[in-house]
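Here's a quick briefing to read with the model open beside you. Take it one topic at a time and look up each part as you go.

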Amino acid sequence: MKESTVIAISREYGSGGRELSQILAKRLGWRLYDRQIVSQAAEKLGVGDMGFEKLKKFEEEVPPLPLSFTPFYLFGVKESPHSLNDKMFETESEVIRRLAEDAPCILLGRCADYVLRDRPDTYSFYICADDAFRAKRGKETYEGRTLSDLNAEDLKRGGYYSHYTNRKWGDPKYYNLSINTGTCSLEQAAGLIVHYIESVQA
């Protein structure tokens, strides 16, 4: 696999996308970036003392942000919540582009497939699963969350993605490959991704 290769993973909540990314990272010996992207962006914006959960909630409130939700004001930032959301996205995008240039890596979420859409040797994958599989994982892996809970999280992800990309989240035409983890193991799914990239680059 080329040293310039970058893998961008998007995933439905409850499909095992995070675990799959971890399997890939271990198999390839690459760094996996997810929350680190948010943390680095927050540091650049001068709000690194805001916890990840608050930052995540801030992201998920887009769009639209209720007027009552203005966490950045608590940190002395005198800008509108909407402009700060945009700045957060722009800064995360800068971080993603820098990480992609530094070394081969795996990027989980954060619209990385869109941010790197014109970068050579970037491959994007959408990880999904049927409702029965996700409901089972929600109960066993995600602290008893119901399928409705998982779908609510996906609604936030889809809204955020569409807001900043003008694309429909999960539309297969925007990904190199979509994989249903309800029909194969996560290890097999990781193998499919590696095989796909190696076949394309051969």
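**A buried arginine, and what surrounds it**

Arg-110 has a relative accessible area of 16%, so it counts as buried, the cut-off being under 20%. Keep in mind that this is a predicted model. Here's the rest of the picture, grouped by topic.

**The whole chain**

- The protein chain has eight helices and five strands.
- Reading from the N terminus, those elements go β-α-β-α-α-α-β-α-β-α-α-β-α.
- The chain has 202 residues, and 49% of them count as buried.
- Take the contacts in the chain with a separation of 6 or more: 72% of them come from residues 24 or more positions apart.

**The sheet**

- Five strands make up an open sheet with parallel pairing, and their order across it is β2-β3-β1-β4-β5.
- At the edges sit β2 (31-33) and β5 (177-180), each of which pairs on one side only.
- Ignoring direction, neighbouring strands of this sheet are turned against each other by 25° on average.
- Helix α8 (residues 186-201) packs on the sheet, where it touches β1 (6-11), β4 (122-128) and β5.
- The direction of α8 makes about 150° with that of β4.
- β2 and β3 (residues 105-108) run parallel and are joined by three bridges.
- Across that pairing, Arg-31 stands opposite Cys-105 in β3.

**Cysteines**

- Cys-105 has a relative accessibility of 1%, so this residue counts as buried.
- How many disulfides does a search of the whole structure find? The search turns up zero.
- For a disulfide, the two sulfur atoms would have to be within 2.5 Å.

- Helix α6 (residues 131-140) and helix α7 (residues 147-165) have axes that come within 8 Å and cross at roughly 105°.
- Angles of 65 to 115 degrees count as roughly perpendicular, and α6 and α7 are therefore roughly perpendicular to each other.
- On the α6 side, the contact is made by Asp-131, Arg-134, Ala-135 and Gly-138. Their partners in α7 are Leu-147, Leu-150, Asn-151 and Asp-154.
- Sorted by type, the residues of this contact are three nonpolar, two polar and three charged.

**Positive phi in the loops**

- Where is Arg-110 found? Look in the loop between β3 and α5 (112-115).
- Arg-110 has a phi near 60°, which is a positive value in a residue other than glycine.
- Asp-121 isn't a glycine either, yet its phi is positive, at about 65°.
- You'll find Asp-121 in the loop between α5 and β4.
- Is Asp-121 buried or exposed? With 18% relative accessibility, Asp-121 counts as buried.

**A lysine out in the open**

- Lys-168 is in the loop between α7 and β5.
- The relative accessible area of Lys-168 is 61%, so this lysine is exposed. The cut-off for exposed is over 50%.
- Which residues is Lys-168 in contact with, leaving aside its neighbours within four places in sequence? They are Tyr-161, Ser-162 and Tyr-174.
- Lys-168 and Gly-158 lie 10 residues apart in sequence, and their C-alpha atoms are 7.3 Å apart in space.

Conventions. Residues are numbered from 1 along each chain as its sequence is written. This is a predicted model: local features need pLDDT of at least 70, side-chain atom pairs count only at pLDDT 80 or more; totals for chains, interfaces and linings use all residues. Side-chain values use heavy atoms; hydrogens and water are left out. Two strands pair if DSSP finds at least two bridges between them. Helices (H or I, at least four residues) and strands (E, at least two) are DSSP runs, numbered from the N terminus. Axes are lines fitted to C-alpha atoms, for helices over the stretch in contact, and angles run from 0 to 180 degrees between N-to-C directions. Contact means heavy atoms within 4.5 Å. Angles under 35 degrees count as roughly parallel, over 145 as roughly antiparallel, 65 to 115 as roughly perpendicular and the rest as oblique. Ala, Val, Leu, Ile, Met, Phe, Trp, Tyr, Cys and Pro count as nonpolar, Asp, Glu, Lys and Arg as charged, and the others, Gly among them, as polar. Buried means under 20% relative accessible area, exposed over 50%, partly exposed in between (1.4 Å probe, protein chains only).
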